[in-house]
Amino acid sequence: MGSRLTAMPHMNDLPPDPADDWLESALKAAGEAHRAEYLDDAGFTAKVMGALPAPTALPAWRRPALALLWALLGLCIAFALPGFVVDVVRDILRVVLGQSVSLAGIGAAVVAMIITAWTAAAFVLRDD
Amino acid sequence: MPEPPQSDAELIARVVVRDDRHAFSELVRRHQSAVRTTLRRLTSGNHALADDLAQETFMLAYRNLASFRQEAKFSTWLYRIATNAWLADARKRKEELLGDRDGDVTDDAPVDSGDDAHAGSNVERSASLSMDMARAMAVLSDAERAAIVQCYHNDLSHEEAAQVLNCPVGTVKTHILRAKQKLKSRLAAWARD
């Protein structure tokens, strides 16, 4: 069963006194004038931008150096463990293709993978 | 063909993710007028102080943009920063502000609407009331003036104003009520018309 009691309105929620309509109108008019007012930028934005802290840009050499380090790491692994790399690639291809493949086929796949990796690296490291 | 203007949210994302200064300058350009005019009202027409505080507002916005959760409008968030900057400055300058008011608009006598204003056209009368209103606003307390500026000048709801002023909605309503009582007293001559 719902209550028939109605909450007493808060003092501030009471409707405005009609005698104060002139003040309400004056405040609303002042508000409208305020919102219609547009201040010309007049160099304000430039002043704000000039006061911002300098951007913390990464050194220009950092990205190429990182890419070079990753490439060197890959080459080191390939040279240190040539049989391992060939076996891994051969097994992967065997699983993927479901049949044994030739060395030339593996070479083609490796080249394709290198091209893909370089393309991806070039995309990631591109300048915006 | 020119690109369509990006939304505030898109510009904010560019600033946060890539520290895109062009995007931030666009945000400043878009909102500078609203922030500066609001601060001019809050500082009772001190344009130099208002612009200094506006600059501080945008600097703080830049530093804290990553913490902006988009729960409110970006402009409302800026108003909050601006109001906090103004309140902090007002606290520092309290003595100085009181001194300025003594020599400026602190006489407690009600504003006289003046025979000229009454006799003039509606436009003149409106301009005269507007000037008297600006003078009367200067005698409000900081909190009362801030509540009036956010609710009437920036057209925020009481809930939004409460967010900006960082206080309960009931407190905003109380500030507005008290402000209106003071304004009514100061502008009594206009009520007789």
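Predicted model: local features only at pLDDT ≥ 70, side-chain atom pairs only at ≥ 80, totals over all residues.
Local features need pLDDT of at least 70 and side-chain atom pairs count only at pLDDT 80 or more, while totals for chains, interfaces and linings use all residues. Residues are numbered from 1 along each chain as written, and chains are lettered from A and ligands numbered from 1 in the order written.

**Exercise 1.** Work out what chain A brings to its contact with chain B.

*Solution.* Start with the fold: chain A has 5 helices and 0 strands (DSSP runs of H or I, at least four residues, or of E, at least two, numbered from the N terminus). Next, take the contact (C-beta atoms, placed from the backbone, within 7 Å): 25 residues come from chain A and 33 from chain B. On chain A's side, α1 (21-36) and α2 (44-51) each give two or more residues, and α1(A) gives the most, with 11.

**Exercise 2.** Find which parts the buried residues of α3(B) pack against.

*Solution.* First locate the helix: α3 of chain B covers residues 47-64. Then pick out its buried residues (20 or more other C-beta atoms within 10 Å of their own); among them are A50(B), L53(B), A54(B) and F58(B). Finally, look around: the buried set packs against α2 of chain A, plus α2 (21-42) and α4 (74-92) of chain B.

**Exercise 3.** Trace which residues L39(B) touches.

*Solution.* Skip residues up to four places away in sequence, and you're left with A50(B), L53(B), A54(B), A82(B) and W86(B). Now go back to α3(B): A50(B), L53(B) and A54(B) are on its buried list too.

Definitions and conventions:
Contact = placed C-beta atoms within 7 Å. Expected span 1.5 Å × (residues − 1). Buried ≥ 20, exposed ≤ 12 C-beta atoms within 10 Å, placed from the backbone.
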